[in-house]
Amino acid sequence: MDVNDLPLLELFTKLCDAGLPLGIEEYQLVLQAMQAGFGINDQAALKRLCETLWVKSSQEKKLFEDYFELVIANDAALPTAEILHTQSEQHKISPIIRYLILGIVGVTIGLGAGFFSQKPIEKLIPSQTSELIQTLIPSQTSKLIQTLIPIQTPIQDPILLPTTKPTTNPTAQPTTTRKPNSNPSPNPNHSDWLFWSFLLVTAMIFRWLVRRNNQQRIAESTSPQVTPITTNSSLAAKLTQTIEDEVQAVKAVLETTSRNEEILSSRLILTSEYLPVTERQMKQIWRYLRHPVREGPKIELDMAATIHQIGCQGLLLEPVFIPRRVNKSELLLLIDQDGSMVPFHSLSRRLAETALRGGRLGKSGIYYFHNCPIEYLYHDPHHQQAELITNIVTHICSNRTAVLIFSDAGAVRGRYSDERYELTQQFIAQMKQRVRYVAWLNPMPRKRWLGTTAAEIAHLVPMFEFSHQGLQDAIAVLRGRFANFERQII
Amino acid sequence: MVQAVGGKLLEYTGKVQPQLGERGANGQLLYPYFPNPELVEAVNLAIYLERPLLLKGEPGCGKTLLASAVAYELDLKLEAWYVKSTSRARDGLYIYDAVGRLRDAQLATSNRLTPEQILRIDDPTSYVRWGPLGRAFQQQQRRVVLIDEIDKADIDFPNDLLLELDQKQFFVEETGQEIEAKAAPIVLITSNDEKDLPDAFLRRCLFHYVEFPSRERLIEIVNALFPTSPEALVKQAIDSFWRLREKMQEDKGEAGKKVSTSELIDWFRVLRRYPEDEALAKLDGKIPYAGVLLKRWDDHLRYLRQSRGCE
């Protein structure tokens with residue numbers, strides 16, 4: 001097995017694009033290991049090798065397996081230059097033949113009509129074919145065709161249009177039909193040679209158009225995605241089931257399916273969940289929310305203080321100990337639930353889960369509300385266990401607590417509500433009596449805040465849209481760093 | 001690379017097993033270990049590429065034991081570093097006994113030290129106590145270093161080890177010594193997935209997920225550990241264990257705590273204390289000594305409900 005023959009690089013770049021943290025070094029490692037004899041026996045060995053070197057978690061493993069299947073295991077689907085070439089050749093030939101046959105059929109019919117009936121074609125067309133046309137063709141094209149009816153050739157069109165997939169070449173039809181239009185309208189009673197030459201011209205124009213159309217198609221098909229649709233859709237299905245990190249999944253699937261309109265539906269399923277920040281990124285960001293304080297039993301030797309003491313006293317009486325540094329940052333996460341926030345439930349759930357796992361919650365915690373906090377906050381998303389806001393403010397919050405509110409603040413519905421603004425204002429004022437840092441995360445993009453309650457609330461609290469940067473900035477605010485927060489908003 | 005050029009490539013096969021009752025250099029009992037071929041390959045890759053191998057997998061599936069198995073087969077010394085929540089990355093390299101030095105200095109001023117002890121004070125390096133990784137770096141022969149449960153420590157811990165694992169060198173700040181690895185140790189790291197490890201750290205590691213042994217392998221393991229046990233009992237016990245495990249998997253999915261190999265071994269040890277027919281009678285459709293296997297109250301309840309349902 002020759003390394004150069006393997007589409008390893010393609011697999012590697014695909015995995016990089018899908019979000020795996022890989023560098024050139026990782027690629028070199030695989031090559032180095034292969035030189036030493038690892039992973040060269042068969043495909044399974046190669047897979048194990050790449051997996052050991054490139055994959056770092058079970059989620060990534062699923063992603064890797066799918067890509068491996070796609071790029072290496074499914075060798076037939078490999079878009080090597082040769083295969084691409086033959087595929088594009090096939091693309092080139094088959095439609096031409098198809099169009100030619102149709103053209104010939106059309107010509108024969110035309111001839112048949114010209115020779116045998118010897119009747120003016122106007123009679124034939126409006127009565128019989130127009131019905132056919134109207135049933136077969138959407139209204140717009142049928143109009144076009146109706147304008148052509150007086151001409152002798154249109155019989156070609158009703159047959160051609162439906163059979164040659166009208167959707168694939170929307171531009172081709174009008175031009176085909178308009179061209180003959182520019183010709184001087186021939187009299188059906190004219191001599192045969194005029195009829196013949198006209199047919200010939202039409203056939204030539206038609207052929208030219210077919211060729212042009214094909215070139216377009218080839219240009220499209222030579223782009224790297226020529227993998228079979230079946231593999232892609234199965235990949236999409238697998239990913240939706242298995243991968244927890246939807247952002248990566250969406251990215252991966254979008255990348256593989258971006259040129260296949262057939263699986264547009266699966267793309268929609270995936271993107272219906274709005275997850276702009278991956279779970280991993282969230283966890284990483286929570287780590288920044290820290291407030292180290294020396295607290296607890298004195299177990300750490302304070303070298304400087306001990307030496308200072310010896311300096312003062314002339315001898316070591318006892319070493320000086322100090323407590324260890326512990327993270328005392330506390331987070332109060334307030335989540336807007338239901339109503340306009342329903343589409344963001346998975347996002348808020350993930351935010352809550354990562355915050356819990358990050359262990360930054362101290363004795364405060366996660367509370368839920370609907371639209372804006374009025375008198376009570378709830379311990380559960382279903383608004384069952386209520387707790388008085390005053391109670392939370394006085395007993396649970398301390399000046400070390402950071403409050404992060406996750407709500408659309410009315411930006412989803414795009415309306416301004418005086419009541420909502422006032423209630424929020426009251427709540428914020430109440431909070432600020434006790435808490436120093438409050439930040440707001442809005443799942444709607446900033447440009448959608450304009451003219452809604454969100455824009456006004458953003459004047460009260462530093463508000464950020466829910467993105468990687470936005471979340472980082474919000475945490476920076478909670479740590480008391482306002483550097484990234486611009487007070488200019490709107 | 002060094003080994004490859006030198007002609008002697010260390011290779012782990014997973015086939016060389018200690019005899020029952022054989023003891024290691026530190027007097028600890030050695031047990032046979034049955035890795036699957038993928039794990040063997042991952043170990044060999046780590047040895048060859050001189051990169052740490054990060055092992056994940058459900059608790060009790062034998063991540064920690066791998067290190068001693070590798071050390072046994074390759075006839076290398078094992079340096080185990082059991083990480084605690086208070087562990088700092090530097091502890092694995094060295095600990096500087098500043099208090100000891102202070103004490104000695106005090107004693108020296110009051111003339112209570114022997115001349116040898118005074119010589120010791122003059123040498124600052126004598127207060128450096130090497131950690132597992134620090135010791136392994138200074139050996140001519142490669143050593144196997146186990147960093148057990150790395151995710152127990154603070155989130156900064158793995159990142160603090162990056163340079164040492166990558167460059168295989170470190171500085172002793174107190175003495176200014178520069179320690180460079182003479183032979184790259186074979187580093188095996190285990191993680192229970194309690195905390196996410198930093199990307200930069202992951203990037204430098206090889207990763208292997210230790211799968212739970214198959215049923216056949218479980219029988220092999222039990223037979224190897226308890227060679228005299230009757231075949232019927234082994235089969236029956238493994239059957240019951242496997243059913244329980246599958247049920248747990250059904251109920252809890254991939255994430256929950258399930259019965260593991262180490263629990264099976266303990267449980268079987270209890271079972272074989274009884275005569276074969278008695279033990280088989282106990283096993284008949286039930287799980288005797290469930291406390292050995294089921295560690296959580298809801299697991300117990302589920303089991304009780306189930307066994308009642310069977311009757």
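**View 1. A salt bridge links Lys61(A) and Glu211(B).** Welcome to a predicted model, where the side chains of Lys61(A) and Glu211(B) come together with 3.5 Å from N to O. On the chain A side of the contact, at least two residues each come from helix H2 (24-35), helix H3 (43-54), helix H14 (279-288) and helix H15 (303-313). Helix H3(A) gives the largest share of that side, with six residues.

**View 2. Five salt bridges cross the interface of chain A and chain B.** Here we step back from the single pair to take in the whole interface. Chain A brings 33 residues to the contact, and chain B brings 32 residues. Between them, the two chains bury an area of about 3100 Å², and carbon and sulfur atoms account for 54% of that buried area. Polar contacts join nine residue pairs between chain A and chain B, counting pairs with both residues at pLDDT 80 or more.

**View 3. Chain A is built with 20 helices and nine strands.** Now for a look at chain A itself, which has 490 residues, 44% of them buried. Take the contacts in chain A between residues at least 6 apart in sequence: 71% of these join residues at least 24 apart. The accessible surface of chain A amounts to about 25500 Å², with 55% of this surface belonging to carbon and sulfur atoms.

Definitions and conventions: Residues are numbered from 1 along each chain as its sequence is written. Chains are lettered from A and ligands numbered from 1 in the order in which they are written. This is a predicted model: local features need pLDDT of at least 70, side-chain atom pairs count only at pLDDT 80 or more; totals for chains, interfaces and linings use all residues. Side-chain values use heavy atoms; hydrogens and water are left out. Contact means heavy atoms within 4.5 Å. Buried area is the accessible area (1.4 Å probe) that two parts lose on being put together, summed over both. A salt bridge is a side-chain nitrogen of Lys or Arg within 4 Å of a carboxyl oxygen of Asp or Glu. A polar contact is a pair of N or O atoms within 3.5 Å; within protein, one must be able to donate a hydrogen and the other to accept it, and residues adjacent in sequence count only if both atoms are side-chain atoms. Helices (H or I, at least four residues) and strands (E, at least two) are DSSP runs, numbered from the N terminus. Buried means under 20% relative accessible area, exposed over 50%, partly exposed in between (1.4 Å probe, protein chains only). Accessible areas come from the Shrake-Rupley method with a 1.4 Å probe; for residues, only the protein chains shown count as cover.
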